[in-house]
Amino acid sequence: MTLEKPLVLDVDGTFLRTDMLLENLWAGLGVAPVQTIAACLRHFRTPARLKAELAAIAPLRTDLLPVNAEVAELALQSRLAGREVVLASASDRSLVARLAADYGLSERYFASDGVTNLKGAAKAGALVDAYGEGGFDYAGNAAVDMPIWERAENALVVGHVPSARALSASGHNVVELPGGWAARSLLKAMRPHQWVKNVLLLLPLLASHRFDLATLLPILWGIAAFSLAASTIYVANDLLDLEADRLHPTKCRRPFASGAVPIGVGMAAMTGIGAAALLIAALLSPAFLLVTLLYMALSLAYSLKLKRMRWVDITMLATLYTIRVVAGAAAAAVGVSIYMLIFVFPIFLTLGCVKRITELSRATGNERLPGRGYGRGDLGDLRNVAWIGVVGALVIFLLYSVSDQAVALYPTTWILWVAMIPMAAWMVRMVTLAWNGRQDYDPIVFALRDPLGLGLLMLTLSLMFWAARLWQQWFG
């Protein structure tokens, strides 16, 4: 038995780069949202009981939780030197015990037990009872750890804790360890590169041939609102998908899954940008506000449940893309043709299949995709549905080209038929690239970065402008 004093590590934000209570909350919302919300309402005044109940609703894979590399290395070196390394946390004891076992730490641990919330002064008292005054070193990351640092021999401060400066002034030995998070990581979690998908709001403007500033400006504000609304859902989706993302070869690097951004920060950001999105939407028009609310509600339902249901998920993806088109019409107060909605839906259905085909084509095993209902055995069916979407879109466009509305907007009908050639080539290219695993995980983002694909789309639009004789209107 070593004579060295034990090294006691806080868990949330210290040994781990995450918070197990919030991990449990979002895991519970993903698997049993009603039960989780009920538990929060029932026990919000008794945190120890709440932690125990949430831990029972959605047990965590503690071996997947992101660790603070510097603190983990310190724990490893201490163990190799024969020193006892003990976890002391306000998280529930079932989780702390499992975490200690995962990393070969001491079987002795300190944690909340469903009655006592082991935090601050309560944790300090438990440690002093066990080891005596100054009989341990303690690593923590927050002002609530001050009572413990004051009674430890050495205070290990993880990250920036301004109140910990008083420890040095009072004669305590303070060791600072890296911690915290960067604003750029939070921005990455908002996925600004995905905002490009909201150019779909411009489709009603293009279809109605309304290119005046009075039509364009509200759509640009609508794109801003939808971008913020989408980021709100992206953050929520990442928080609901923490375990699935950690099992994914690339998504494991996402800010919340990797611990680069604390879950609490993500929740605050989600609330702020969601409120900003709804404020902009309300200022535009009641109709646009309703469409934005519908988009956010369906997106949340997709994140909570629908994305795990085979075939329902790609239908929902197509619906969410189509809602962007409706939003553009609502923002600019222009009409949206039923032909347009019927035409774009099968295209978006194809792109939904493309997204799943890409994931399966790039998967390394035969198991189902984490958090999704598809396995490699579904590749053939997904490709067949994608081809149905391609054919359906082309047939609908052909029927539209001979409608009264199309004849009024596009006097040169045969050029519309020519435009179907690059249009078909683009869709075939998207499906083929996905089948060969050469697509990005998001087909819309890929399409807007693919030079050859963009060329095909621009050729299609140019032919449609020619058919509409817009060149004559613009250039006389």
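The structure is a predicted model, in which local features need pLDDT of at least 70 and side-chain atom pairs count only at pLDDT 80 or more, while totals for chains, interfaces and linings use all residues. Residues are numbered from 1 along each chain as its sequence is written, and side-chain values use heavy atoms, with hydrogens and water left out.

The protein chain holds 23 helices and six strands; here helices (H or I, at least four residues) and strands (E, at least two) are DSSP runs, numbered from the N terminus. Its C-alpha trace spans about 90 × 50 × 40 Å along the principal axes. Of the 476 residues in the chain, 52% count as buried, where buried means under 20% relative accessible area, exposed over 50% and partly exposed in between (1.4 Å probe, protein chains only). Among contacts with a separation of 6 or more, 66% are made by residues 24 or more positions apart, a contact being heavy atoms within 4.5 Å.

Accessible areas come from the Shrake-Rupley method with a 1.4 Å probe; for residues, only the protein chains shown count as cover. The chain carries 41 positive and 35 negative charges, whose mean positions are 8 Å apart. In this count Lys and Arg are positive and Asp and Glu negative, with His and the chain ends not counted, and each charge is placed at NZ of Lys, CZ of Arg, CG of Asp or CD of Glu.

A nonpolar patch on the surface is formed by L398, V402, W414, W417, V418, I421 and W466, with about 720 Å² of accessible area together. Patches are made of residues with over 30% relative accessible area and no salt bridge; like charges are joined within 9 Å, and nonpolar side chains (Val, Leu, Ile, Met, Phe, Trp, Tyr) within 5 Å. Helix α20 (residues 413–435) contributes the largest share of the nonpolar patch, four residues. L398 belongs to helix α18 (residues 379–401) and is partly exposed, at a relative accessible area of 40%.

A search of the whole structure finds 16 salt bridges, each defined as a side-chain nitrogen of Lys or Arg within 4 Å of a carboxyl oxygen of Asp or Glu. One of them joins D137 and R83, with the closest N and O atoms 2.4 Å apart. This pair links distant parts of the chain, 54 residues apart: D137 sits in strand β4 (residues 137–140), and R83 in the loop between α4 and β2 (85–92). Both D137 and R83 are buried. R83 is also touched by S78, which contacts L7 and V85 as well, not counting residues up to four places away in sequence. S78 lies in helix α4 (residues 69–80) and is buried, with 7% relative accessibility.

Another salt bridge brings together the side chains of E133 and R151 (3.1 Å, N to O). E133 lies in the loop between α6 (121–131) and β4, and R151 in the loop between α7 (146–149) and β5 (154–158), so the pair ties together parts that are 18 residues apart in sequence. E133 is exposed at 55% relative accessible area, whereas R151 is partly exposed at 31%. Elsewhere, salt bridges that share partners join R191, D238, D245 and R254 into one network.
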